[in-house]
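Biologist: Please take me through this two-chain model, starting with the interface.

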Amino acid sequence: MAHTPRARRRTRWRGTAYVVPLSVFLLALFVAPLVRLLQLSFRPVDESNAALPGYTVHQYVRVFTEPFFYEALIRTLLTAVLVTVLCVVLAYPAAYTLAQRRPGLLRTLLFVTVLSPLLTSVVVRSYGWVVLLGANGPVNRAFVALGVLDQPAHLLTSYSAVVVSVTHVLLPFAIVPLTTALGGLDRDVLRASRVLGAGPVRTFARVTVPLSLPGALSGALVVFALAMGIYITPLLVGGANQPLAGIRVYDQISTVFDYPVAAALSFVLLLITVLCTTGLGAAFRTWEGRLHG
Amino acid sequence: MADTRRTARTPAWSTLFPDRLAPAAGRLLAALVFLFLLAPLVVLVASSFNTTASVAFPPQGFSTRWYRGVLSSPDWLVSFQLSGLLVVLVVPTVVLIGTLAAYGLTRGSFPGRGALHALALSPLMTPEIITALGLLYYFHGIGLIDTIPGLWLAHSLIALPYAVRAVMVSAAGLDPTLERAAASLGAGGVRVFLTVTLPLLRPGIVAGALLAAVTSLGEVAVTALVAGAHTTTVPLRVFSSAQFELDPSVAAVSTVLLAASVVVMVVTDKFAKISEAL
């Protein structure tokens with residue numbers, strides 16, 4: 001029975017019906033908009049920045065030759081790398097604590113703490129930083145009281161404020177997979193390391209970290225991709241003048257109405273993001289393969 | 001490890017960082033990270049109860065005037081209704097598509113399954129400005145800018161990967177023998193799915209539904225581009241207020257949104273391990 005052509009065909013396509021709605025939805029609302037956007041990025045524009053028929057690479061030439069655009073891309077890439085590193089480094093102590101705690105009230109509270117930024121509107125989180133870093137905010141007051149600053153500084157529109165707030169917004173995406181990875185570690189391996197004479201620091205650095213790298217990496221990839229395109233938080237905390245690609249795109253469509261160049265800038269950003277994440281993923285798999293091979 | 005010399009050598013930093021201090025230092029670091037995560041939210045909640053007209057921390061006095069102001073403002077109320085309506089539309093859409101897809105992706109075997117899986121999660125991994133600009137231009141062409149259907153579809157797209165992932169966790173732990181047992185006892189395919197599979201997927205479905213609700217309730221990156229004067233959601237109104245002024249009523253609205261998320265999260269935790277879904 002199972003070897004009739006019809007049954008074989010059914011096995012080959014088993015479960016297809018379940019994914020039809022998803023496929024239709026994604027084709028209509030994710031793939032189609034991106035294809036249209038790609039098309040738009042090759043359109044010439046008239047004096048009022050309206051797209052004209054025909055095709056040109058003019059928008060891409062602008063993105064790669066005008067410092068306004070390419071410097072923003074470089075700054076965005078550096079910022080995303082910095083934020084990703086900060087997120088992974090900060091995620092370790094938090095995830096380690098979460099993974100070690102037995103279920104109970106404290107663990108639930110800690111988990112709510114980790115997830116609360118993730119489940120809160122990005123606007124709300126950014127607004128919190130606006131209050132914290134304001135001229136009269138607690139951070140400024142503490143700095144003045146401690147003598148670090150003579151008078152309140154303009155923390156709000158600074159690049160550091162952008163890095164701090166974006167790190168805050170994206171940190172849960174690093175903590176959650178890392179907690180899962182650390183929670184799944186074989187305790188016997190850790191105990192073996194201790195029995196063989198490695199102290200807690202060495203066990204952490206030479207056993208815990210390498211074994212939890214897959215979790216750290218999957219968090220890092222999400223954080224990096226999101227950091228490349230984030231624009232609400234840097235806009236609210238750093239202002240519209242921050243040289244970041246997300247803000248530049250938003251700026252082009254909300255003030256200059258130059259959609260084709262915004263589309264071109266977006267696609268270069270997407271290309272860099274995809275190249276970096278797949279490159280990092282491939283490098284990691286090679287490393288892992290060599291480790292076990 | 002191949003390199004035994006490096007393993008045998010005592011690293012320089014272990015003298016800088018003695019082992020007996022490590023657990024305490026780790027706990028201190030963890031406490032600082034948790035403080036960092038909470039600080040902006042605490043400041044926001046505290047300043048929403050301020051008596052003065054400025055957003056100040058620590059707050060001077062205690063009053064609920066900003067909450068009363070928000071509740072008596074027609075603009076805010078319209079936004080709250082719109083955000084509520086969107087949750088009601090988005091959650092069933094996302095749960096239906098996401099549950100079917102997660103089941104098909106986990107248990108099915110068909111050509112292109114891996115590619116479809118990657119595609120299903122890609123809205124989560126796409127820089128937000130690109131999704132937002134793509135939908136803006138696309139919706140312009142089909143007249144969905146500043147409409148409720150437009151926001152419904154946009155929010156569903158953003159929330160879908162979370163739901164697919166959440167249900168896939170449950171689907172991966174599903175025992176196929178239970179379905180086979182039901183089938184061998186005479187239940188048809190649809191009946192097996194509805195009476196055996198769906199109840200077993202429930203933890204993932206609940207987690208997915210609540211993640212979808214929270215995502216829709218807080219979405220602003222895409223909303224800011226596809227919404228308009230007639231479809232200003234609560235987060236979008238917060239965004240436009242926060243750009244120009246520091247009004248404590250924005251802190252009050254943010255606190256309401258925050259409280260809604262925490263309630264949703266605590267409820268979710270009762271039904272499903274939301275942590276595994278992410």
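Modeller: The model is predicted, so local features need pLDDT of at least 70 and side-chain atom pairs pLDDT 80 or more, while totals for chains, interfaces and linings use all residues. Residues are numbered from 1 along each chain, chains are lettered from A in the order written, and side-chain values use heavy atoms without hydrogens and water.

Biologist: How much area do chain A and chain B bury between them?

Modeller: With contact meaning heavy atoms within 4.5 Å, 91 residues of chain A touch 89 residues of chain B. Buried area is the accessible area (1.4 Å probe) lost on putting the two parts together, summed over both. Carbon and sulfur atoms carry 80% of the total, which is about 8,100 Å².

Biologist: Which helix gives the largest share of the side of chain A that touches chain B?

Modeller: Helices here are DSSP runs (H or I, at least four residues), numbered from the N terminus. The largest share is 18 residues, and it comes from helix α2 (residues 16-41) of chain A.

Biologist: What is the radius of gyration of chain A?

Modeller: The radius is taken over C-alpha atoms, and the globule rule is 2.2 Å times the number of residues to the power 0.38. A compact globule of 293 residues would come near 19 Å, but chain A has 24 Å.

Notes. Helix = DSSP H or I, 4+ residues; strand = E, 2+ residues; numbered from the N terminus.
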